[in-house]
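This briefing is meant for a reader meeting the structure for the first time.

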Amino acid sequence: MTSASIAPSTLSPFRYPGGKSALRPKVINWIQNLGYRVEHFIEPFAGGSSVGLAVAELGLADSVILAELDSDVAAVWNVILNGQADAFAAKIRNFNLTKTSARETLDAKCRGVFDRAFRCLLQNRISRGGIMAPGAGVLNYGEAGKGIHSRWYPNTLAKRIDAIQALRHKLTFVEGDGLEILRRFCSTPQTVAFVDPPYVAGGRGAGLRLYRHNNVDYKELFKVIRSFNGPMIITYHRSEIVEREAKAAGVECHTMNMHTAHTISKRQLILYKASSNGFTKGCLGKNNCLEKAR
């Protein structure tokens, strides 16, 4: 059975508002139809890294490079990929989650990367919509009245961490600026990127309330995109500013129906850029539920 016939697992331990589970199979299809073997797959605003993990699991690239600026989120990836995954999974399995233990963990001073990683993942799993920005609240009612236990599945999370650890030879994690990672690989052959930045442009966008690090210079981002030789897919909120910058950078603008954390359906920008040598067309495949942005 080839990788093309296998659906990826859900491996990310994080839950994020506006997660890309609906877009992930389309990105996978796009990579499989590029016409060449991908050497480097880059996810420069990694967050939960669901797309990059799927690419690694299916063996669609020789290496997957994940970058994240948020030091708390980065702590989770550093712990999983740099030798502490077993201890991290055991901590999750053995943690007795109550409102008291959760509050004590979130309020405690972290003594190192391991403590920071556990606090970050706990906060992500018990917060409303997975939002970890300052001021975000924890679940009260949750699913079926389960409150903070609604999204805390210790055995499932531990198994995901074990699975990610098994893929660590394919994964490289960089704690730092995603734009710098894109610049570093802008001329590297057979390199593709999936760019999912905080949705902020012109001082507006959902990213302002969802993420601690939301100040991404969208003009600089599209300047980097313009100079990137390989093909890429970029996601963004619908905005005239973003569409104008995208078109100026030679990026095709499409929209796709996505669901928010409150199950509200919205059209979201899905932008794609062919490689600068014209070798690929940036096609997301047939029946991709995309519409040309108007």
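Of the 294 residues of the protein chain, 52% count as buried; the model is a predicted one. The chain holds eleven helices and eight strands, and its accessible surface comes to about 13,800 Å², with 49% of that surface belonging to carbon and sulfur atoms. When contacts between residues at least 6 apart in sequence are considered, 70% of them join residues that are at least 24 apart.

- Phenylalanine 41, once its neighbours within four places in sequence are left aside, is in contact with Ile31, Val51, Gly52, Val55, Ala61, Ser63, Val64, Ile65, Val192 and Phe194.

- Strand E1 (residues 38-43) pairs with E4 in the parallel sense over three bridges, and threonine 191 in E4 is the bridge partner of histidine 40.
- E4 is also joined by three bridges to strand E5 (residues 232-236), the two running parallel, and here phenylalanine 194 stands opposite isoleucine 233 of E5.

**Threonine 191 in its surroundings**

- Threonine 191, which lies in strand E4, has a relative accessible area of 1%, and it is classed as buried because this value is under 20%.
- Although threonine 191 and valine 38 are 153 residues apart in sequence, their C-alpha atoms are 6.0 Å apart in space.
- Leaving aside neighbours within four places in sequence, threonine 191 is in contact with His40, Ile42, Phe185, Phe228, Gly230 and Pro231.
- A polar atom of the side chain of threonine 191 lies 3.2 Å from the backbone oxygen of threonine 188.

**Helix H3 and what covers it**

- Ten of the eleven residues of H3 are buried, so this helix is largely enclosed by the rest of the structure.
- The buried residues of H3 are Asp72, Val73, Ala74, Ala75, Val76, Trp77, Asn78, Val79, Ile80 and Leu81.
- The cover over these buried residues includes helix H2 (50-57), strand E2 (61-68), helix H4 (85-94), helix H6 (113-126), helix H7 (154-166) and strand E3 (171-175).
- At the N-terminal end, H3 is capped by aspartate 70, a side-chain oxygen of which lies 2.9 Å from the backbone nitrogen of aspartate 72.
- Following H3 comes glycine 83, which has a positive phi, near 100°.

Methods:
Residues numbered from 1 in each chain as written. Predicted model: local features only at pLDDT ≥ 70, side-chain atom pairs only at ≥ 80, totals over all residues. Heavy atoms only, no water. Contact = heavy atoms within 4.5 Å. Pairing = 2+ DSSP bridges. Helix = DSSP H or I, 4+ residues; strand = E, 2+ residues; numbered from the N terminus. Buried < 20%, exposed > 50% of the residue type's maximum accessible area, 1.4 Å probe, protein only. Polar contact = N/O pair within 3.5 Å; in protein donor to acceptor, adjacent residues only side chain to side chain. Areas by Shrake-Rupley, 256 points an atom, 1.4 Å probe, with all protein chains shown as cover.
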